[in-house]
Amino acid sequence: MKLVRFTEQGRTRIGKVVGDQVIDLSGVPGVGDSMRQLLAGLTPLRPRLAAARSPAFALAAVQLEAPIQDAQKFLGIGMNYRKHAEEARQAGIPIPQSQLWFNKQVSCINGPFAPVVKPDASDKMDYEIELGVVIGKRCRHVKASEAAGVIAGYLIVNDVSARDWLHKSPTFTLGKSFDTHGPIGPWITTADEIPDPLRLEMKLFVNGELRQHADSGDMIYDIYAQIAYLSTVMTLEPGDILATGTPSGIGAPTGRFLQPGDVMRLEIEGLGHIENPVVAETREEA
């Protein structure tokens with residue numbers, strides 16, 4: 001199932017994508033306006049959601065929103081692809097000896113086709129395609145062998161990064177959390193539709209030029225090891241988003257940073273695509 005938030009005639013609601021249509025699920029008992037709450041109750045709701053057939057809208061006629069608007073956590077792991085870690089090492093950044101996690105403030109969450117703002121404060125805005133894992137069950141101390149059972153589904157994450165601000169904050173939080181720098185989507189593909197999330201082809205294009213191309217199997221720590229590691233420290237909640245690392249090909253090594261007018265397109269096998277234009281920052285007068 002492909003769960004989505006969409007806006008039609010000024011009203012935003014939860015739906016599911018079937019072919020080239022969006023089925024409105026807002027009338028299904030138990031479905032509210034929070035994707036996080038829906039995921040928490042997904043198992044008993046699933047038969048009703050699967051049975052829904054109307055009302056239906058053309059996918060091309062609605063605006064797709066970030067599938068989760070109220071996530072409590074948006075966490076990312078750094079240098080988790082072998083070729084990317086080597087790329088960083090050659091730039092003088094040591095390869096981490098354990099999982100390197102950082103926080104993206106949830107205020108950076110952005111829609112799958114919404115503009116990404118290049119802030120005036122950064123001259124080194126970069127792109128990162130990532131497989132996003134969405135947690136479906138409240139959990140703690142999860143074994144890697146059991147981690148698949150707490151995953152609700154998957155989506156595409158563009159972990160937009162202000163490289164110059166990463167150096168200003170050793171925790172990475174500031175450089176990862178500018179407003180609009182967390183596009184996600186286009187929907188949540190539930191875990192049952194992805195037989196092997198560790199064998200997904202990933203592509204990122206800038207202005208039609210292929211910049212990143214990898215397989216999710218190149219991860220150093222796979223998604224199950226990530227969930228085990230994180231849940232040792234904290235309780236994971238339904239709707240939490242884990243950005244599981246980016247492959248090589250980012251702009252930093254070559255200095256090919258994003259500029260207003262650029263368009264990023266991200267594709268992950270089985271999950272669809274998102275596309276975000278880069279726009280200049282505009283400020284309202286005080």
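What follows is a set of questions and answers on a predicted model.

User: How many aromatic pairs are there, and why is the one between Phe 102 and Phe 172 called tilted?

Analyst: The count comes to three aromatic pairs. For Phe 102 and Phe 172 the ring centres are 5.8 Å apart, with 55 degrees between the planes. Centres have to lie within 6.5 Å for a pair, and planes under 30 degrees apart would be stacked while those over 60 would be edge-to-face, so an angle of 55 degrees leaves the label tilted.

User: What makes this pair a link between distant parts of the chain?

Analyst: Phe 102 belongs to strand E7 (residues 100-103), whereas Phe 172 is in the loop between helix H4 (163-168) and helix H5 (173-176), and the two are 70 residues apart.

User: What makes the pair of Trp 165 and Phe 178 edge-to-face?

Analyst: Their ring centres are 5.5 Å apart, within the 6.5 Å limit, and their planes stand at 85 degrees, which is over 60, so the pair is edge-to-face. Trp 165 lies in helix H4 and Phe 178 in the loop between H5 and strand E14 (182-190), so this pair ties together parts that are 13 residues apart in sequence. Trp 165 counts as partly exposed at 22% relative accessibility, whereas Phe 178 counts as buried at 18%.

User: How do you know that a charge is placed over the ring of Trp 165?

Analyst: The charged end of Lys 168 sits over the ring of Trp 165, 4.1 Å from its centre, and the distance part of the criterion asks for within 6 Å. The charged end of Lys 104 likewise sits over the ring of Phe 74, at 5.8 Å from its centre.

User: Why is Arg 5 called buried, and what does its side chain reach?

Analyst: Arg 5, located in strand E1 (residues 2-8), has a relative accessible area of 12%, and since the limit for buried is under 20%, Arg 5 is buried. The side chain of Arg 5 reaches the backbone oxygen of Ala 66 at 2.7 Å, and it makes a polar contact with the side chain of Gln 69 at 3.3 Å; polar contacts are taken within 3.5 Å. Leaving aside neighbours within four places in sequence, Arg 5 is in contact with residues including Thr 12, Ile 14, Met 35, Leu 64 and Ile 68.

User: What makes E18 and E19 a strand pair?

Analyst: Six bridges join E18 to E19, which run antiparallel, and the requirement is at least two bridges. Leu 266 stands opposite Ile 274 in E19. The hairpin of E18 and E19 has three residues between the strands, and Gly 270 there takes a positive phi near 85 degrees. Strand E9 (residues 116-118) is joined to E19 by three bridges, and these two strands run parallel.

User: What is said to cap H6, and which of its residues are buried?

Analyst: Asp 222 caps the N-terminal end of H6, with a side-chain oxygen 3.0 Å from the backbone nitrogen of Tyr 224. The buried residues of H6 are Ile 223, Tyr 224, Gln 226, Ile 227, Ala 228, Leu 230 and Ser 231. Ile 223 and Ile 227 are also among the residues that touch the most other members of the largest nonpolar core, which has 39 residues.

Terms used: Residues are numbered from 1 along each chain as its sequence is written. This is a predicted model: local features need pLDDT of at least 70, side-chain atom pairs count only at pLDDT 80 or more; totals for chains, interfaces and linings use all residues. Side-chain values use heavy atoms; hydrogens and water are left out. Rings of Phe, Tyr and Trp (its six-membered ring) pair if their centres lie within 6.5 Å; planes under 30 degrees apart count as stacked, over 60 as edge-to-face and the rest as tilted. Helices (H or I, at least four residues) and strands (E, at least two) are DSSP runs, numbered from the N terminus. Buried means under 20% relative accessible area, exposed over 50%, partly exposed in between (1.4 Å probe, protein chains only). A charge sits over a ring if NZ of Lys or CZ of Arg is within 6 Å of the ring centre and within 35 degrees of the ring normal. A nonpolar core is a set of buried Ala, Val, Leu, Ile, Met, Phe, Trp, Tyr and Cys residues joined through side-chain atoms within 4.5 Å. Contact means heavy atoms within 4.5 Å. A polar contact is a pair of N or O atoms within 3.5 Å; within protein, one must be able to donate a hydrogen and the other to accept it, and residues adjacent in sequence count only if both atoms are side-chain atoms.
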